[in-house]
Amino acid sequence: MRHGKPVIFATVGMLFGAAAVLVVSHLVTPAPQHLVTPAPQHLPSQRKKSSITADAQVPIVAGPRSFSMASPPPSSGDDTVTSKAQSAAHPSPATPRMHTVKIEQGDTLMGALISAGVERQDAHSAIEALRSIYDPRSLRVGDEITLTFDEPENQSFQGFSLEPSPAFKVQSSRSDDGSFSSSSIKTPLNDEMVRIEGDIGTSLFAAAGEAGVPVDIIQNLINIFSYDVDFQRDIQKGDRFALLIRRKVTPRGEAVGDAVLLYAAMTLSGRTTALWRHESKDGRIDYFNSKGESVRKALLRTPINGAKLTSGFGTRVHPVLGYSRMHKGVDFAAPRGTPIYAAGDGVIEIAGFKGSYGNYVRLRHNNEYATAYAHMSAIGKGIATGKRVRQGDVIGYVGSTGRSTGPHLHYEIMKRGKQVNPLGVKFPTGNVLAGAELRRFQGQRATMEKVYAELPVGMNRKLARAH
Ligand SMILES: [Zn+2]
C-alpha cells in the first residue's frame, strides 16, 4: 500500500453498480423551458430535496428491476439500445419494446421524448400526467428515461419511467382509454456494511473524500475525534484511518440516504484510537472507546498526585515580583521530582525552557483546549514538540526553574488560546457506560469487529456515487 493513496476494501453486494449504461439517442434540442442543467456530482443525500412526493400507496417492486433496464427482445437487432441487462430480458412476442435515452446538456423531458419518436401530443399528455409526482425541471444531465412502445407492428407509445433517485422510480403509463396516469415505485433497500481504510496523507478530509467517504460521515468522524485530535495540525505522514459504515443500498448497489459511521479508528504517530457507535436504551447516540467511555472526556484538573493547591487563579500579589498581577494558572506545591501527568490526550506544542516559566510543556488537546505546565525540574523522557501523549503520561517533574520561589507546578488550561481557571472550567462531561448498558455495548462492539474483520477485500469507489 502506498502512502497518500487511500486503499478501499470491499463491500458486499456491489455487483451491478453502473453496469446498465445505455446508448443514447442524439437528441435535437427544441430548447424551450426547463432546460437541463448539469447534475452536481454530489452525494446520495443531495437528492433528497427532489420535488417528488412519492406515493406511499404504490406497490414495492421486488425481484429483478427489468422494467427500468432497457430490455429489447432478441429480434430487435436494429434497436439502438444496448445494455448489459439484455440477457435478463424475457423474450416473448408480447414483450413491449423499451428504449432508454440519457439526458444530455440542454435536453428537456419533452424534447427527449419527441426525439425518441413519441408524438408531441402523447409526450405532452404523458408528462402532464407525471407532473403531480415529478417536476420535469428536476431532470438532470445523465438521468435515464426508459420509454415503452408496443411491439413492432404497432409502434404506439405506452409510457415512460425515470429514476429521480435510486430509492424510487416514477412512471407515466397509458391506460386502456388512451390517457396517461402516473405512479411511483419504491426500490427495496438493503443494509450494506462498507469497510474503508486509507492513508491520511496531509488531510483526513481529502483522503477520506478520495476514498469515497460521504461528506456527512467525514464530518462525523472529525467531530468524534476532535476531543483528541486537532485536524488542522496533528496529521502527519503515515497516519491512517479505518472505518466501518452502514448504508442503505438498492439491489443494484447504489447508496441511498445517509450512511451511519459504526466504527472508526485513527492511527496517529503510530498510536491507534478506536471508537464505536452506541445507541443507548434511551436513544442517545454517542461514540465510545473499548472500555465504554465516551469520547467527550474531561481534562484533569489536577495533573499531579498528592499535591497541595497553594495559589489559585486570579489577581494576587506575585511572590517574586512583589506587586499585584493576574495569576493565569494554579500552583500546586509538591516535592521536587514529583511526576506531572498529561491532563488529557494531545500533541506536545512546546517542550523546553521558556523564560520565567522555566522548563515548560504545552499540550494541545483539541481545537478548543490546551494545557501548560511550568517550572519543571526536568521534562519527561521522550517529551518533544510534535509528539503525541495520552492522558496520564508523565510529561515532566516538579521543580523550581524560571521565576519561582520553590518547587511547585504552575498549571494552566487555555480555552481557545485564553487562560481559564482549571478548577472552574466546565468540560463537556463524558458519559461512561456501566452495567447492562455496558454489556450491550460490548456485545455490539464484538459484532461490529467481526463484521469488519470478515468484510471481503476489493475495490469500491462507488460509495459516494452521485445519486
Ligand atoms: Zn503559578
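Biologist: Which are the buried residues of helix H4 (residues 215-225)?

Modeller: Please keep in mind that this is a predicted model, in which local features need pLDDT of at least 70 and side-chain atom pairs count only at pLDDT 80 or more, while totals for chains, interfaces and linings use all residues. Residues are numbered from 1 along each chain as its sequence is written. Helices (H or I, at least four residues) and strands (E, at least two) are DSSP runs, numbered from the N terminus, and a residue is buried if 20 or more other C-beta atoms lie within 10 Å of its own, exposed if 12 or fewer, and partly exposed in between, with C-beta atoms placed from the backbone. By that count, the buried residues of H4 are Ile-217, Ile-218, Asn-220, Leu-221, Ile-224 and Phe-225.

Biologist: Why do the buried residues of H4 line one face of the helix?

Modeller: One looks down the axis of H4 and asks where its buried residues fall, the arc being that of the directions from the helix axis to the C-beta atoms. The buried residues line one face of H4 because they fall within an arc of 160°.

Biologist: Which elements do the buried residues of H4 pack against?

Modeller: Packing is judged here by contacts, and two residues are in contact if their C-beta atoms, placed from the backbone, lie within 7 Å. For one of these residues, Leu-221, the contacts are Ala-208, Leu-261 and Ala-264, when residues up to four places away in sequence are not counted. For the buried residues of H4, the partners are helix H3 (204-210), strand S8 (240-249), strand S9 (255-268), strand S10 (271-279) and strand S11 (285-288).

Biologist: How many bridges join S8 to S9?

Modeller: Two strands pair if DSSP finds at least two bridges between them, and S8, in which seven of the ten residues are buried, is joined to S7 by ten bridges in an antiparallel run. S8 also forms a hairpin with S9, with five residues between them, and Gly-253 in the turn has a positive phi of about 90°. Arg-246 stands opposite Val-260 in S9, and the number of bridges that join S8 to S9, which run antiparallel, is nine.

Biologist: In the open sheet of five strands, which strands stand at the edges?

Modeller: The sheet has the order S2-S3-S4-S5-S6, with antiparallel pairing. Each edge strand has a single partner strand, so one side of each is left without a neighbour in the sheet, and these strands are S2 (97-102) and S6 (180-186).

Biologist: Which helix packs on this sheet?

Modeller: S5 and S6 pair in the antiparallel sense over seven bridges. The helix that packs on the sheet touches strand S4 (157-165), S5 and S6, and its direction makes about 50° with that of S6, where axes are lines fitted to C-alpha atoms, for helices over the stretch in contact, and angles run from 0 to 180 degrees between N-to-C directions. This helix, at residues 120-130, is H2.

Biologist: Which exposed residues does H2 carry on the face turned away from its buried side?

Modeller: The buried residues of H2 are Ala-123, Ala-126, Ile-127, Ala-129 and Leu-130, and they cover an arc of only 160° around the axis, which puts them on the same side of H2. The face turned away from that buried side carries the exposed residues Arg-120 and Gln-121.

Biologist: Is Lys-169 buried or exposed?

Modeller: Lys-169 has its place in strand S5 (residues 168-174). Because 22 other C-beta atoms lie within 10 Å, Lys-169 counts as buried.
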